[in-house]
Amino acid sequence: MIELKDVTKVYYKGTPKEVKAVDGISLEIAKGEMVVLKGPSGSGKTTLLTLIGCLSRPTRGRVLVAGKDTSRLQEPFLTFHRRMHVGFVFQQYHLIPDISVYENILLPLYPLDMTSQEMEERVEDALRKLRIKGKEAYRAKDLSGGEQQRVAIARALVTDPEIILADEPTANLDTHLSRDFLKIMDGLKEEGKTIVIASHDPLVYEHKGVDRVIEMRDGRLVGCS
Amino acid sequence: MSKERHKHILSFSITSLLRRKGKNLSIFLIYTLMVFLLGSVVFFVSAIKREAATTLKGAPDIVVQQIRAGRHDLIPTEYMEKVRTIRGVTKVIPRVWGYYFDGPTQSNYTIIGMDGESYEAFRDRIPFLSPEEAPIGNGKVLIGKGIARSRGLKRGGHFYLLRSDGGLKTFEVSGIFSGRSSLLTHDLIVMSEKDVRELFLIPARYSIDLAVYVRNKEEIETIARKIGEVLPGTRAVIKEQITKSYETVFGWRSGLVFTALLGTVLAFAILSWDKATGLSADERKEIGILKALGWRIEDILEMKFWEGLTISLTAFLAGIILAYIHIFFFGSYLVAPAIKGWSVLYPPFNLNPYMDAGEVFMVFFITVVPYTVATLIPVWRSSTIDPDEVIRGI
Amino acid sequence: MGRLKHLLAVYGILSLLLAGMVLHAILSTHAAKSVLEERERLVSMLGLTDLCLTTEARYTRHPSQADYFTPFQDNPMSLELFPSGGAMAPPSFKEIPRKMVVKDE
C-alpha cells in the first residue's frame, strides 16, 4: 500500500536554517496494517506522515502510495491522489473554527462534484459513526477537545479513503478519550483501512490492535517491533 | 466539470464571507460608497452633456463679436450686411442683450432683447408660455422662474432695474417661463430690443453681437474663416466651440470631483492592496487546510473568486442604483454644487435620466476587476505551495 | 444550500432594480421628448447659446462671451492673472432699497 524508498526531506534548503527532517528512510506498509511511528518530538514523525499523506514531496527518494510514485507528481495530480486515497487527522485538528461542525465535515466533499443529497448522506454517516450527531450545528471552536478530534476524524473519513493518517492524536486527550480514539481506529482497521499513527504516547504504541511500531530518531529509523 | 462543484464552492464562499462579517461589511460599504460617488459624477456629467447637446441644437451656428483692445465690444449693426453677402449664410440677426448684476439679491440676470419682427414670428406659440402671457415691449417683459422667486414677482407685478446712467426703469411682468425650462430660462429677462437699449444705453447703430445661421452645417468653419477675412476686427465663435467648452468645463470639473474623491479611492486601494499583499495567517492556514483536504488550486481560486465577485458585484450594483436614484430622483444633491459651479440663482432642474452603457462599464471595470484580481493573486501564491508548509507556516 | 438561495435572491432584487432603472431611463427619455423639442424652439427663438447652469461664472453661462483667459481664472489651482482682479469688488448697493417690488397690482 505504502512504500518509501530512501526518502529524505530537507526544510529551508540552502539557508542557514536548513533542517534534514527525514533522512534516507525506506519503509513498507501493507494494506490493512495499523502502524505507529514512535519517537520524541523533532524526530521527523510528522514530516514522514505528511510525505505519506502527499501533503509534501520528498527532497530525495521515492514515495509510492496506492501504487503510484507521488514524489514526481505535478501538484494538481498530487492533490488528486491525496483526495482519492488519504484522510489526515492533524495534531491540532485544523478545523475551521468559526463554521459549523457540519460544514467542516463537508469541506473535503465540495470539490468532488457530488449531488447535495449524496453529500448529506456521507456526512450523516460520518456523524453517526463518530457519535457526534446532535452537535452538527455547533461551531467547531465551541466543542471540547475530544469532540473536535472526532470531527477531525469524521472529516478525514467522509471521502472514504483507504489510508488514515493521524498525527499525535492523543496529545490533547485524557486517558478515557484516548482509549475511545483507539477503539475508533480498531473499527476502521476492521473495515480494511490502512492506518498510520505518529505518537509517543505509550497508550497508543502499546495498544494491542497495533501491528507494528516503528521507532524514529533524528529523521532516521532506529527500530522496528 | 459539472455544475454541482461550482454550486458547492459558491455556497461555501458565501459561508466564508459571512464568517468575517465585520471586515467584509466594511469593505462592502466603502466599495458601495466609491461606486456611488463615481457613478453619480458619471451619470451627472453625461446627462448634462447630453442635455446641452440636444438643447443647443437650435443655437446660432456662428456668433460674431467685435474685439477692441483684446476685449469684446459693441459691434456696428451695419456689419450684418457684409456677413449676409457671404455664400451659404441664411440669416444674420444682430443681438442686443447683456448681463445685469442685481445688488439686492446679489445675483446676475441675463437680459435678452428681441426685435418686434422676429418676436412676432413666434408670437402665437412661445415655448413654455401660454399665448395670453406673451406680450413684450414698452416695459412689458417675460422672466424666468428664478428671478420671479428671488424677487417675489407674479404676473402683472412691477419691478425696477438700474439703468447704466443711474436712473431707474420700471418693468411689468407679462409672463413667467414655466419651471420645465429652467435649464435655459432661470435667470432670463426677455424684453423688447428698445427696452434693452434704454436700460444699457446702447447706441442705436450698435449691437452686442451678430448671430449667424448657415445652410450647410459642413461649411460653418469655412464661413467663420471668411467672416474673419471680411471683418478683420471681429472674432467668430462657432457652435461647436461652445459645445466643446462645455465638454471641457465638465471634463475638468468632474476631474476635480474625482480628485476630491481621491481619498476614498486611495482608502479603497490600500484596502485592496492589503488584501493583495498580505493574507492573514489564518487565511493562509485555511488555504493549507483546504488543500490538505483535497481542494485543488483551481477550487481554492474559484472560491476566492466567488468571494471577491460577490462583494464587488453586489457593491457595484448597489452603488450604481443608489447613484442613479441620487442623480435623477434627488436632484444630484451631493455632486451638483461641485460640478455645476457656484451660483446665487441656482436653477433647480431635473436632469433627464440618461445612461451611457460605455461609461457604466468603465465604472464597472475600474472597480470590480482590480478588486477581484487583487483578491486572487495572494491566494494563487500561497495555494501553489505544498499544504504542509502552508499549515506549518514554513 | 440556503445561502445560495439568499445570494440569488439579493441578485434577483438588484437586477430587478437595475432593469427598472434602465426602463425608467428609456421611458423618461421618451416622455421628455416634447420638453426637449420645446426647449429647442425656445433656443432658436431667443438665439441662446448656453445653458443657465450657474449665473455667476462668465464662461459657463456664456462661453461665447468669455475672454480667452477667463476659464483659467476660475480654476482653483490658478493664481490671479491680473492684480486688479484681486482688488476690484462689485459696487456697493447700500443706497438701493433691499425690496425692489414697488407696485404690485
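Two residues are taken to be in contact if their C-beta atoms, placed from the backbone, lie within 7 Å. In this predicted model, the contact between chain A and chain B takes 24 residues from chain A and 26 residues from chain B. On the side of chain A that touches chain B, helix α2 (residues 75-85) gives the most, with 5 residues. By residue class, that side of chain A comprises 11 nonpolar, 6 polar and 7 charged residues.

Chain A also contains an open sheet of 6 strands, arranged in the order β6-β7-β8-β3-β9-β10. Strands of a sheet pair through backbone hydrogen bonds, either parallel or antiparallel. Here the pairing is mixed. The edges of the sheet are formed by β6 (86-89) and β10 (220-224) of chain A, each of which pairs on one side only. From one strand to the next, the twist averages 20 degrees.

Strand β9 (residues 212-217) of chain A is joined to β10(A) by 4 bridges, and the two strands run antiparallel. The bridge partner of M216(A) in β10(A) is L221(A).

Two helices of chain A pack on the sheet, as follows. Helix α1 (residues 45-52) touches β3 (34-38), β7 (163-167), β8 (194-198) and β9 of chain A. The direction of helix α1 makes about 155 degrees with that of β8(A). Helix α6 (residues 175-190) of chain A touches β3, β7 and β8 of chain A, and the direction of helix α6 makes about 150 degrees with that of β8(A).

Definitions and conventions. Residues numbered from 1 in each chain as written. Chains lettered and ligands numbered in written order. Predicted model: local features only at pLDDT ≥ 70, side-chain atom pairs only at ≥ 80, totals over all residues. Pairing = 2+ DSSP bridges. Axes fitted to C-alpha atoms, helices over the stretch in contact; angles between N-to-C directions. Nonpolar A, V, L, I, M, F, W, Y, C, P; charged D, E, K, R; others polar.
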